[in-house]
Amino acid sequence: MSDSLRIGVIGTGMIGQDHIRRICEVLSGAVVTAVTDVDRARAEEVAARRGARVFDDAAALIAADEVDAVLVCSWGPAHIEAVLPALAAGKPVFVEKPLATSQQDCRTIIDAEVALGKRLIQVGYMRRYDASYAALKATIDSGAIGAPLMYHSAHRNASVPEGLYTDDMAVADTMVHDIDVARFLLDDEVARIRVIAGRKNSIGGKLRDPILGVMEMAGGAVVTVEVSVNIQYGYDIRGEVSGEKGTAELAESNRVVLKSGDSFSGRVPADWRERFIVAYDTELQDFIDMAKQGRVTGPSAWDGYAIQVVSDAGIEAASSGEIVDCVLGDKPALYS
Ligand code: NAI
Ligand code: ISE
């Protein structure tokens, strides 16, 4: 391997281009040598700007000598067709969330990685790399608030593309991040979930918005997650853990509180690219640093699978109104 990790990017859409920008302009130790996209013109435009080569498809890109590691930024249903060949080629692979779009596909990926005997997959659950979430986790682990009893999360998007964003996506595309954070903060798996939809935000048209997910962790802690996707005022991410002898919550993410006249105010981020910009940088730098050593340590295929199980259960719970169990089965030793 050359000094720089040579990365091939599959999917040059919104987040693919954002990750390419950070690899080329912000991070160290890696270069983008190859890209592919089913929209060839888009891949060519990005490649021309970044000095990369365009490949016909994911298989050709993964097989290329000039690709040491793979970044999968295509649509969710296409993730598995890139992750499995990358594993078979023994190349570290960073795959954007979700790992795959069915539990069976996630299991197939886990089986392939377990058969390989080492971790090569990192899933793009970037909140674990956010300094505020890391501080919240450290506070819980320090014992300062005693045993955690409840975690309250709010995940509010200013708006979503009308007609493209569906009811199920509120769970499968958006709540998945909060599910990951709950598992991370509480160091536990989700045992069951209920999803409540009350009064609709009329701005969202027919969309079932907002929703409230209520989860019970295996150890008994309770998690609530508000997902709102038409909140208008910005991208507002909140989290508070309530423990036996105290509470700990994410601080506001803006750096300055302005006091003027008789009020105070601060900026609300526009979207996830602004709110989590440093977390995305940190997760990818971690991937690059680890991949250069031939291993991967970030959010794992098991995390991707466990989140998919809860996401599927959440979608079922939202349509049935019932409490749905989340059954994971045995966790392979590779992920312990
Ligand atoms: P996008 O639609 O802007 O880009 C996806 C690109 O993948 C498109 O250019 C499309 O032509 C291409 N593509 C689709 N199938 C392909 C295939 N089989 N081979 C090659 N290219 C293919 O979508 P966006 O927003 O960039 O999302 C991509 C992925 O990133 C999704 O899985 C999404 O959930 C995830 N994402 C993660 C975020 C995070 O906060 N971690 C934020 C936004 C997206
Ligand atoms: C998007 O796909 C993401 O992953 C963002 O992090 C999330 O906040 C947003 O709701 C999703 O649509």
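Predicted model: local features only at pLDDT ≥ 70, side-chain atom pairs only at ≥ 80, totals over all residues.

Trainee: How do you know how much of ligand 1 the protein covers?
Mentor: Ligand 1 taken alone exposes 850 Å², and the protein buries 85% of that. The elements that give two or more residues to its shell are α1 (14-25) and α7. In total, 24 residues surround ligand 1, and the closest are D37, R42, W75, K97 and Y280. By class, this shell has eleven nonpolar, seven polar and six charged residues.

Trainee: Which residues surround ligand 2?
Mentor: They are K97, M126, H155, N157, D173, T174, H177, Y235 and W272. A residue belongs there if one of its heavy atoms lies within 4 Å of the ligand. Helix α7 (residues 169-186) gives the largest share of this shell, three residues. The shell divides into three nonpolar, four polar and two charged residues.

Trainee: Why are β3 and β6 called edge strands?
Mentor: Six strands form an open sheet in the order β3-β2-β1-β4-β5-β6, with parallel pairing. β3 (53-54) and β6 (121-123) each have a single partner strand, so one side of each is left without a neighbour in the sheet.

Trainee: How do you know that β1 and β2 pair?
Mentor: Strand β1 (residues 5-10) and strand β2 (residues 30-36) run parallel and are joined by six bridges. I10 stands opposite T36 in β2. Helix α4 (residues 80-88) packs on this sheet, where it touches β1, β4 (69-72), β5 (93-95) and β6. The direction of α4 makes about 165° with that of β5.

Trainee: What makes the pairing in the seven-stranded sheet mixed, and which strands are at its edges?
Mentor: The open sheet of seven strands has the order β12-β11-β7-β10-β9-β8-β15, with mixed pairing. Its edge strands are β12 (247-249) and β15 (324-325), each pairing on one side only. One antiparallel pair is β11 (residues 236-243) with β12, over three bridges. There, E240 stands opposite E249 in β12. α6 packs on this sheet and touches β7 (148-156), β11 and β12, with its direction at about 0° to that of β11. α7 also packs on the sheet, at about 150° to the direction of β7.

Trainee: How are α6 and α7 placed against each other, and what makes up their contact?
Mentor: Helix α6 (residues 131-142) packs with α7 at an angle of about 35°, and their axes are 9 Å apart. Y133, L136, K137 and I140 in α6 meet V181, F184 and L185 in α7. By class, the contact has six nonpolar, no polar and one charged residues.

Trainee: Why do the bond from K97 to P98 and the phi of D187 deserve a remark?
Mentor: Most residues other than glycine have a negative phi, and most peptide bonds are trans. The bond from K97 to P98 is cis, with omega near -5°, and P98 lies in the loop between β5 and α5 (103-116). The bond from D209 to P210 is also cis, with omega near 5°; P210 is in the loop between β8 and β9. D187 has a positive phi, near 55°, and sits in the loop between α7 and β8.

Terms used. Residues numbered from 1 in each chain as written. Chains lettered and ligands numbered in written order. Heavy atoms only, no water. Helix = DSSP H or I, 4+ residues; strand = E, 2+ residues; numbered from the N terminus. Nonpolar A, V, L, I, M, F, W, Y, C, P; charged D, E, K, R; others polar. Pairing = 2+ DSSP bridges. Contact = heavy atoms within 4.5 Å. Axes fitted to C-alpha atoms, helices over the stretch in contact; angles between N-to-C directions. Areas by Shrake-Rupley, 256 points an atom, 1.4 Å probe, with all protein chains shown as cover.
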